[in-house]
Amino acid sequence: MRYKFAMIILAAGLSRRMGVLKPLLPVGGVPAVLRCVQIAKMAGIAAIIAVTGHRGTEVEEVMRTGAPDVRVIYNERYHEGMFSSVTTGVRELMGDINGFFLLPADSCAVISATLMTLIDAFVKADGVAVIRPRFGEGSRGHPPLIPVQYIPELCSYTGDDGLKGFLRELPTIEVEVSDSGVRLDMDSPEDYVKLLTHLELPTYPDIMQTMQILAQSNTSPDIAAHGRHVADTALKIARLMIGQGAEIDTSLIESACLLHDIKRKEPCHDTAGSAFLLQIGYPSTAILVGKHMDLPEPVTDVKEAELLYLADKLCRQGKIMKLEDSMRALGEKFSSNPEAFSHAKTRIENAKTILTLLGEKYGITEVDVYDDKTTM
């Protein structure tokens, strides 16, 4: 018997935690959804369906350009969750399919050899069980390979936990694989970093790429100059820390400092800058840029994000300004706006905390920090 398999790529979600559209995030030079198509084709899977929903027109355009032979289906109920996309895709499968993979578009680190291993297990089991990959001691990963005889039950399932709940009741064979990519996705920017790192792809631009981004974005000279001053200040402190045994990625620091104000002219420029950098495939820089206005957690250590934050608060009007002087200037600026001054005061207090930590952990004094000899 000759078995035939399909893949349903799920690309309909809202991408809430990521903040930008996950199926279109670049991975190895192609959008994640197209990387999934490539993985499927390399495993010999000819029948491929992509299910879109949120911003479906954008995803469909990418598919039309990059994979015109792939069938694209729009899920009108995508806001109900992933299971609605599963059933939408399953209903479009042709009758000559024996089994089908379900692969979220952001789970694009799976390798083709893993799919082929799952297919071999499916054939050996005569297609009577769901085949699930497992890596090491971890939980099951993506994608499951499901026999077509369970489609009627799947489409009529109304129980708890959606797809997980449905699969829980089916006969299942777990296959140990050497591909840790089965457990990776891109729910958040931090997950995106892990996935790119796993694939040995860069997570931030080098200095030449950084300068190209600034040029292509028509960055104004004053914003570029501020970024350079912030970068030099942060690098000076970073090197002092490294001399005391700290582990700091100076290349990451430089790219984040140079790019932190790239969307300075837009509202919520930290969020806008972070989103822009995610969309062009640099999540490590995006994470730091997203934190340069407000650190999301109490400051307990000094790493790359804290160095960018501190340097940005120190560099004002082309020079290093003591935090106490900044506090007084902000008090005057926001004298008629207590709420705005409260936010500004919190930012300066956080910067002071970082200064204190530099002294306590690395013996770096305020004199070291305020010395404006930042020429590299």
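This is a short walk through one protein, from its overall build to a few single residues.

Keep in mind that the model is predicted. The protein has 16 helices and eleven strands. Along the principal axes, its C-alpha atoms fill a box of roughly 80 × 40 × 40 Å. There are 376 residues, and 52% of them count as buried. Now take contacts between residues at least 6 apart in sequence. Of these, 70% join residues at least 24 apart.

On to the interior. In soluble globular proteins, nonpolar side chains tend to be buried together. Here the largest nonpolar core holds 101 residues. Which of them touch the most other members? They are V27, M63, M186, L195, M241, L307 and L358. Helix α15, residues 338-362, gives the most to this core, with eight residues.

Look at L358 for a moment. Leave aside its neighbours within four places in sequence. L358 is then in contact with I237, M241, V302, L310, G363, I364 and V369. Note M241 in that list. M241 is also one of the core residues that touch the most other members.

Next, helix α14, residues 323-333. Its buried residues are L323, S326, M327 and L330. Seen down the axis of α14, they fall within an arc of 100°, so they line one face of the helix. An α-helix has 3.6 residues a turn, so residues three or four places apart point the same way. What covers the buried residues of α14? The cover includes α13 (304-314), β10 (315-316), α15 and α16 (366-370). The face turned away from the buried side carries the exposed residues R328 and E332.

Now the aromatics. The whole structure has six aromatic pairs. Take F83 and Y157. Their ring centres are 6.0 Å apart and their planes stand at 80°, so this pair is edge-to-face. The cut-off for that label is over 60 degrees. The pair links distant parts of the chain, 74 residues apart. F83 sits in helix α3, residues 82-90. Y157 sits in the loop between α5 (151-156) and α6 (162-168).

Are these two buried or exposed? F83 counts as buried, because its relative accessibility is 17% and the limit is under 20%. Y157 is partly exposed, with a relative accessible area of 23%. There is also an aromatic cluster, formed by Y3, F5 and F122.

Two lysines sit over rings. The charged end of K263 lies over the ring of F276, 4.5 Å from its centre. K313 lies over the face of Y309, at 3.7 Å from the ring centre.

Last stop, S112. This serine lies in helix α4, residues 112-124. S112 is buried, at a relative accessible area of 10%. Beyond its neighbours within four places in sequence, S112 is in contact with Q38, I39, M42 and A43.

Find the buried face of α14, with L323, S326, M327 and L330. Find the edge-to-face pair of F83 and Y157. Then find S112, buried in α4.

Note on methods
Residues are numbered from 1 along each chain as its sequence is written. Side-chain values use heavy atoms; hydrogens and water are left out. Helices (H or I, at least four residues) and strands (E, at least two) are DSSP runs, numbered from the N terminus. Buried means under 20% relative accessible area, exposed over 50%, partly exposed in between (1.4 Å probe, protein chains only). Contact means heavy atoms within 4.5 Å. A nonpolar core is a set of buried Ala, Val, Leu, Ile, Met, Phe, Trp, Tyr and Cys residues joined through side-chain atoms within 4.5 Å. The arc is that of the directions from the helix axis to the C-beta atoms. Rings of Phe, Tyr and Trp (its six-membered ring) pair if their centres lie within 6.5 Å; planes under 30 degrees apart count as stacked, over 60 as edge-to-face and the rest as tilted. A charge sits over a ring if NZ of Lys or CZ of Arg is within 6 Å of the ring centre and within 35 degrees of the ring normal.
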